[in-house]
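Here is a short briefing on one protein chain.

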Amino acid sequence: MEKRIELEKRGRKPAEIREFVLDNCRSTNIVGLTDEFVSLESLSLINVGLTSLKGFPKLPNLKKLELSDNRISNGLNLLHTSPKLTHLNLSGNRIKDLETLQPLKELSNLRSLDLFNNEATNMDNYREKVFNLIPSLRYLDGYDADDCEIDSEGEDDEVNGNNEGDVNDDANDEYSDEVSDEEEEEDGVGLDAVYKDLGDDSDESDFVAENEEDEDEFEYDDDDDDEHEERAPAPEAQPGRGKKRKHEDGVESSGNN
């Protein structure tokens with residue numbers, strides 16, 4: 001475990017580390033994890049082979065502790081040095097009775113406890129007894145006192161002690177409203193432009209139609225003029241010219257005789 005701790009530190013000082021994952025490092029008790037990790041908020045020791053919590057350090061800011069799949073059967077009183085603990089996973093261990101869980105009632109901030117696959121879950125009225133033992137407890141083995149399943153995202157927010165999700169939702173809603181307003185404005189401009197174009201096309205069509213009507217009227221007037229010209233009476237014959245020509249014809253005939 002000590003070698004694994006040095007590896008996971010990655011050159012950081014213990015006081016700077018807020019999350020530590022030591023899963024599968026294999027050790028029967030806790031070695032190398034000291035009180036220097038004062039800023040640690042999340043610690044995972046899954047499938048390490050722990051038989052007890054002997055050597056568990058004082059971690060005043062620890063909120064989430066994963067101890068599943070070990071061989072722990074007692075020693076939970078060593079967790080009282082982590083008063084801010086809200087999430088404790090002891091599933092897959094060897095806890096047999098309610099008496100072993102007694103020290104957990106001192107953890108006034110404990111909200112979620114997982115004892116799945118422990119012998120203690122077989123006792124009569126198991127859930128009712130555990131909820132009564134730990135007044136602050138809201139979720140046991142993933143369900144609340146009314147057998148409603150836990151919301152993992154809500155649990156994470158609660159364990160982390162923040163409501164960033166709500167803040168982000170408000171920010172997203174505000175952003176969505178702004179985007180919607182901008183889209184409406186853009187749509188409005190687009191519609192105005194479309195209506196304007198339609199109006200322009202309509203005016204142009206009216207103008208073309210009027211011009212065509214004028215041309216038709218103009219052609220109709222030309223036809224009328226032609227008809228008037230055809231129907232106009234022929235000019236009257238000039239009697240003087242006709243008589244003179246006849247007289248001249250008569251004179252020419254006499255001369256020939």
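In strand E6, Leu-140 stands opposite Leu-113. The model is a predicted one. Strand E5, residues 112–114, runs parallel to E6, and two bridges join them.

**Sheet and overall layout**
- The six strands form an open sheet in the order E1-E2-E3-E4-E5-E6, and the pairing is parallel.
- E1 and E6 are the edge strands: each has a single partner strand, so one side of each has no neighbour in the sheet.
- As background, strands in a sheet pair through backbone hydrogen bonds, in either a parallel or an antiparallel way.
- The protein chain has six helices and six strands.
- Along the sequence, these elements follow the pattern α-β-β-β-β-α-β-α-β-α-α-α.
- The protein chain has 257 residues, and 28% of them count as buried.
- Among contacts in the protein chain with a separation of 6 or more, 39% are between residues 24 or more positions apart.

**Nonpolar core**
- The largest nonpolar core holds 41 residues, and the members that touch the most others are Leu-43, Leu-88, Leu-104 and Leu-113.
- Helix H3, residues 126–133, gives the most to this core, with four residues.
- In general, nonpolar side chains of soluble globular proteins tend to be buried together.
- Which residues is Leu-43 in contact with, leaving aside its neighbours within four places in sequence? They are Phe-20, Leu-22, Leu-33, Phe-56, Leu-59, Leu-62, Lys-64, Leu-65 and Glu-66.

**Aromatic pair**
- The count of aromatic pairs comes to one.
- This pair is formed by Phe-20 and Phe-37, with 5.3 Å from centre to centre and 40° between the planes, and it is tilted.
- Phe-20 lies in strand E1 (residues 19–21) and Phe-37 in the loop between E1 and strand E2 (42–44), so the pair, 17 residues apart, links distant parts of the chain.

**Cysteines**
- How many disulfides does a search of the whole structure find? The search finds zero.
- Cys-25 has a relative accessible area of 14% and is therefore buried, as the limit is under 20%.
- Cys-148 has 41% relative accessibility and so counts as partly exposed, between the cut-offs of 20% and 50%.

- A UniProt annotation from an unreviewed entry, "domain: U2A'/phosphoprotein 32 family A C-terminal", covers residues 123–141.
- Over residues 123–141, the chain is 42% helix and 11% strand, and the C-alpha atoms at the ends are 15 Å apart.
- Asn-122 is in the loop between E5 and H3. Its relative accessibility is 63%, over the 50% cut-off, so Asn-122 counts as exposed.
- Asn-122 and Lys-96 are 26 residues apart in sequence, and their C-alpha atoms are 8.7 Å apart in space.
- Pro-135 is in the loop between H3 and strand E6 (139–140). With a relative accessible area of 70%, Pro-135 is exposed.
- Pro-135 and Asn-109 are 26 residues apart in sequence, with 9.6 Å between their C-alpha atoms in space.

How values were computed. Residues are numbered from 1 along each chain as its sequence is written. This is a predicted model: local features need pLDDT of at least 70, side-chain atom pairs count only at pLDDT 80 or more; totals for chains, interfaces and linings use all residues. Side-chain values use heavy atoms; hydrogens and water are left out. Rings of Phe, Tyr and Trp (its six-membered ring) pair if their centres lie within 6.5 Å; planes under 30 degrees apart count as stacked, over 60 as edge-to-face and the rest as tilted. A nonpolar core is a set of buried Ala, Val, Leu, Ile, Met, Phe, Trp, Tyr and Cys residues joined through side-chain atoms within 4.5 Å. Buried means under 20% relative accessible area, exposed over 50%, partly exposed in between (1.4 Å probe, protein chains only). Contact means heavy atoms within 4.5 Å. A disulfide is a pair of cysteine sulfur atoms within 2.5 Å. Two strands pair if DSSP finds at least two bridges between them. UniProt positions are given in the numbering used here, feature names are shortened, and annotations may be inferred rather than shown by experiment.
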